[in-house]
Amino acid sequence: MKLILANPRGFCAGVNMAIESLERALEVYGTPLYVYHEIVHNRHVVERFRGRGVVFVDHIDQIPHGATVLYSAHGVAPAIRQASVQRNLRAIDATCPLVTKVHLEAVRFAREGYTIVLIGHEGHDEVVGTMGEAPQAIRLVQDAADVAALDLPADARVAYLTQTTLSVDDAEVIVAALRRRYPQAVGPHRDDICYATQNRQEAVKELVPEVDAVIVLGSQNSSNSLRLAELASSHGKPAYLVDSVHEVPDGALAGAASVLITAGASAPEEVVQECVEVLRNRYGATVESRVVREEHVNFPLPRELRLIAG
Ligand code: SF4
């Protein structure tokens with residue numbers, strides 16, 4: 001068996017920043033320390049912090065008055081920030097700057113009188129946060145059928161935005177459907193799908209023809225990881241989205257001469273290395289690392305923590 005390791009894979013700049021922020025906040029403030037939603041959508045990361053006393057909550061009123069809260073990489077709606085102020089919380093904002101960019105676009109389009117069509121997945125933390133910026137002005141669509149069902153007049157002032165972790169190919173189809181119905185629709189200056197999502201998808205697309213199966217390390221609620229598994233499946237290859245190699249069904253790889261290994265933007269490199277070790281031992285696999293694109297992106301810590309560090 002040959003293992004092909006996709007590059008880039010795993011942690012993106014936003015996830016690195018969010019995890020470092022939580023580490024730093026633990027150092028500075030200790031526990032109890034609260035995080036609104038999962039800091040990133042990865043079981044290992046969340047469990048590790050939970051083991052160190054971090055409490056993850058889905059509602060601000062679960063946090064005691066005056067405590068410290070971190071907002072996750074996926075961002076929050078303004079109503080959550082207000083609720084934190086009312087509870088007198090010390091808030092640290094670890095929202096990925098690329099999510100914040102989408103929030104700012106939503107605010108700008110709403111202010112300019114557009115109806116915003118947000119392409120994204122209902123209920124995802126990021127989508128909930130973005131919609132909260134202009135709830136009256138935003139319509140969520142998940143596919144081309146949702147675009148067909150929009151009840152906006154033909155000459156409506158329409159703008160569109162996308163969740164950062166969509167499938168590049170699916171988003172293109174939905175934007176094309178929107179532009180067919182509303183040729184006047186305007187979009188963001190640059191694509192909202194983030195560099196990390198695009199690069200990880202590009203690597204899978206390029207390498208998947210060479211392999212018999214694909215392992216995507218990531219959690220089931222990680223949007224960008226799910227998209228990688230779907231992408232591999234759409235090329236006719238069996239794809240396994242797992243938190244750890246031990247979750248790959250028994251015998252699933254027995255007949256595979258080559259396996260592509262990648263990881264979603266919130267999956268730690270340790271789980272990739274564990275996967276490689278297990279497959280090496282089990283099948284005598286050789287390993288080849290393939291770089292499809294270089295990444296050199298870093299985001300600074302949130303302002304609240306930079307001030308303390310400075
Ligand atoms: S996947 Fe993209 S948008 Fe999400 S945290 Fe990473 S860089 Fe930011």
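Visitor: In which sense do strand β2 and strand β4 pair, and over how many bridges?
Guide: Strand β2 (residues 33–36) and strand β4 (residues 68–71) are paired in the parallel sense, over 3 bridges. Strands here are DSSP E runs of at least two residues and helices are H or I runs of at least four, numbered from the N terminus; two strands pair if DSSP finds at least two bridges between them. This is a predicted model, in which local features need pLDDT of at least 70 and side-chain atom pairs count only at pLDDT 80 or more, while totals for chains, interfaces and linings use all residues. Residues are numbered from 1 along each chain as its sequence is written, and side-chain values use heavy atoms, leaving out hydrogens and water.

Visitor: Which residue in β4 is the bridge partner of Tyr36?
Guide: Tyr36 has Tyr71 as its bridge partner in β4.

Visitor: And what is the order of the open sheet?
Guide: The order is β3-β2-β4-β5, an open sheet of 4 strands with parallel pairing. At its edges are β3 (54–57) and β5 (90–93), each pairing on one side only.

Visitor: Changing topic, which residues touch the most other members of the largest nonpolar core?
Guide: Leu22, Ile39, Phe49, Phe56 and Leu70 do, in a core of 26 residues. Such a core joins buried (under 20% relative accessible area, 1.4 Å probe, protein chains only) Ala, Val, Leu, Ile, Met, Phe, Trp, Tyr and Cys residues through side-chain atoms within 4.5 Å.

Visitor: Where does its largest share come from?
Guide: Helix α1 supplies the largest share, 7 residues.

Conventions:
Buried < 20%, exposed > 50% of the residue type's maximum accessible area, 1.4 Å probe, protein only.
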